Amino acid sequence: MSFEPVALDHTFTAPIGVEVKGQTWSCVEVPGSADFFGTKRAVRVDLSVDDVSLENVGLMVTGRGGHMLSLNSGVRRKLRKDIGDQVTVHLSRRLS
């Protein structure tokens with residue numbers, strides 16, 4: 001089953017830091033994502049975080065029915081941000 005990419009224009013602001021099994025991960029939770037995407041499964045998207053563009057990124061499931069974006073140390077370094085800092089995320093295209 002193939003999926004045709006779909007243009008998105010969805011922006012939100014959220015802090016870096018999602019609690020998973022008692023630990024804080026360097027992720028950003030996508031608010032209302034299960035309803036927005038119509039699925040509770042992982043989704044691939046193109047997006048930007050503040051002024052850093054990221055392509056073909058997997059949004060992982062949170063275990064609570066939503067999705068989260070993992071920000072590795074390289075991306076956080078480019079952003080000059082870490083856990084607890086706010087970022088603005090713009091979803092521009094859904095790939096899966």
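I begin with N56, which is found in strand 6; strands here are DSSP runs of E of at least two residues and helices are runs of H or I of at least four residues, both numbered from the N terminus. This residue has a positive phi of about 50° although it is not a glycine. For context, most residues other than glycine have a negative phi. At 42% relative accessibility, N56 counts as partly exposed, where buried means under 20% relative accessible area, exposed over 50%, and partly exposed in between, with a 1.4 Å probe and protein chains only.

The model is predicted, so local features need pLDDT of at least 70 and side-chain atom pairs count only at pLDDT 80 or more, while totals for chains, interfaces and linings use all residues. Residues are numbered from 1 along each chain as its sequence is written, and side-chain values use heavy atoms, with hydrogens and water left out.

Let me turn to the chain as a whole. It holds 2 helices and 8 strands, and from the N terminus the elements follow the order β-β-β-β-α-β-β-β-α-β. Along the principal axes, the C-alpha atoms fill a box of roughly 35 × 30 × 20 Å. Buried residues make up 38% of the 96 residues. Of the contacts with a separation of 6 or more, 66% join residues 24 or more positions apart, a contact being heavy atoms within 4.5 Å.

Next, the sheet. In what order do the strands of the open sheet stand? The 6 strands are arranged as 1-8-5-6-7-4, with antiparallel pairing; two strands pair if DSSP finds at least two bridges between them. Strand 1 and strand 4 each have a single partner strand and stand at the edges, so one side of each is left without a neighbour in the sheet. From one strand to the next, the twist averages 35°, with axes as lines fitted to C-alpha atoms and angles running from 0 to 180 degrees between N-to-C directions. The antiparallel pair of strand 1 and strand 8 extends over 8 bridges. Within strand 8, T88 is the bridge partner of T13.

The largest nonpolar core has 22 residues, of which V28, L47, V49, L71 and L91 touch the most other members. Such a core is a set of buried Ala, Val, Leu, Ile, Met, Phe, Trp, Tyr and Cys residues joined through side-chain atoms within 4.5 Å. Among the elements that give two or more residues to it are strand 1 (6-15), strand 5 (43-49) and helix 2 (73-79). Leaving aside neighbours within four places in sequence, L71 is in contact with I16, S26, C27, V28, V49, R76 and L79.

V52 has its place in strand 6 and is buried, with a relative accessible area of 9%. Beyond its neighbours within four places in sequence, V52 is in contact with L47, K78 and L79.

Finally, the charged pairs. How many salt bridges does a search of the whole structure find? There are 4, a salt bridge being a side-chain nitrogen of Lys or Arg within 4 Å of a carboxyl oxygen of Asp or Glu. One of them joins D46 and R93, at 2.8 Å from N to O. D46 lies in strand 5 and R93 in strand 8, so the pair ties together parts that are 47 residues apart in sequence. D46 counts as buried at 9% relative accessibility, whereas R93 is partly exposed at 36%.

Another salt bridge links K81 and D50, also with an N to O distance of 2.8 Å. Because K81 lies in the loop between helix 2 and strand 8 and D50 in the loop between strand 5 and strand 6, this pair ties together parts 31 residues apart in sequence. K81 is partly exposed at 25% relative accessibility, and D50 is partly exposed at 30%. D50 also has a positive phi of about 50° although it is not a glycine.

In a further salt bridge, the closest N and O atoms of D82 and R76 are 3.4 Å apart. Here D82 is partly exposed, with a relative accessible area of 40%, and R76 is buried, with 16%.
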